[in-house]
Every structure is written in C-alpha cells, then in structure tokens.
Amino acid sequence: MKTSTFRIIPLSTEVAERARRAVEAGAVDHAFVIADSPSGYPCRHCLRFARPGERMILFPYASVPAGHPYSETGPIFVHAEPCERYCATDEYPDDLRRGRAFRAYNTSFDMIDAEVANGNEPEAIVEKLLRNPETAFVDARSVTHGCYTFRIQRA
Ligand SMILES: [Zn+2]
C-alpha cells in the first residue's frame, strides 16, 4: 500500500559499507553473527529479515546523536554481504509490519510521543504521530528488544 504522507528512511549505504569495512578490520564493537531464525535479524539497509544461515554484522548505531537528553546508541544488524538499500520508500516495509514500536521526536531530538502497533496497521500509527506538528520524525524500533529499525519522515 503506497502512502503519500510519509517516507521510509533506511540506514544509509555509507553507514552499512562502513560497518562492513570495520568488521573486516577487526573492530571490537563489530561482530559477525549467523541468522538462526527467519524473523530475528532485520537488516537496516534492505529492511528485510535475514534468512537463517545468512551472515550479518552486529554493531552499535547512534539513532539519536550524542549531546541530547534522548541520545541513544544501540545494536543493529546489516547484511555482511552487500545488499540493495530499501527503495520503496513510499511503502511501509512488509517484513516489519509486526513487532514495532514507534517513537515520535521533535526537531531537538526530544521524544514527544510513542505508540505500539498492537495489531493495528502501522501506517495509521505513523500518520497519527506525524499529524502532530511538533513531530519532526518517527523511529520504528523492535517492541521486544528496543533496537532501532528505521526512520520515517513526512513526504
Ligand atoms: Zn540487507
């Protein structure tokens, strides 16, 4: 389902490539992991779940930059092999319809609202959070593990 109200912002290719170089260089905070379930390892670059057996890189990412009360750095996965950045940015990614919490931030990176998609269509929650004129962007996170998944901005 296409939307005219918001755009999906996957992890930049630059950050994914930097993680691939860092893990090869032996960075202590970057690790190879092998996906062992079909819905536990979402790649933040292509916004698909890794298939069991695929090799992923686990590394810390600052979704909210340092220098703010809500600064946050946490673990994310990207495919170890190059993958195509999610490009259907006017469609909510199908793999990630379930198990997401949505956090709304203002332009100062303060969290001003948050909601879980309890079986509702995630689009409706995103649109609701973006109706608040104070909302600058919305971050989708794992509702169980809390990990940053992707960003959403107004179209
Ligand atoms: Zn990927």
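**Aromatic rings, pair by pair**

Let's start at Phe-77, which counts as buried with a relative accessibility of 14%; here buried means under 20% relative accessible area, exposed means over 50%, and partly exposed is in between (1.4 Å probe, protein chains only). Tyr-41 is buried as well, at 14%. The model is predicted, so local features need pLDDT of at least 70 and side-chain atom pairs count only at pLDDT 80 or more, while totals for chains, interfaces and linings use all residues. Residues are numbered from 1 along each chain as its sequence is written, and side-chain values use heavy atoms, leaving out hydrogens and water.

Across the whole structure, a search turns up six aromatic pairs. Tyr-41 and Phe-77 make one that is tilted, with 4.9 Å from centre to centre and 50° between the planes. Rings of Phe, Tyr and Trp (its six-membered ring) pair if their centres lie within 6.5 Å; planes under 30 degrees apart are stacked, over 60 edge-to-face, and the rest tilted. Because Tyr-41 lies in the loop between strands S2 (31-34) and S3 (55-64) and Phe-77 in strand S4 (residues 72-79), this pair ties together parts 36 residues apart in sequence. Strands (E, at least two residues) are DSSP runs numbered from the N terminus.

Next, Tyr-61 and Tyr-148 form a tilted pair, 5.5 Å centre to centre with 40° between the planes. Tyr-61 belongs to strand S3 and Tyr-148 to strand S8 (residues 148-154), so parts 87 residues apart in sequence are tied together. Tyr-61 is partly exposed at 22%, whereas Tyr-148 is buried at 6%.

Finally, look for the aromatic cluster formed by Tyr-92, Phe-102 and Phe-150.

Technical notes:
Helix = DSSP H or I, 4+ residues; strand = E, 2+ residues; numbered from the N terminus.
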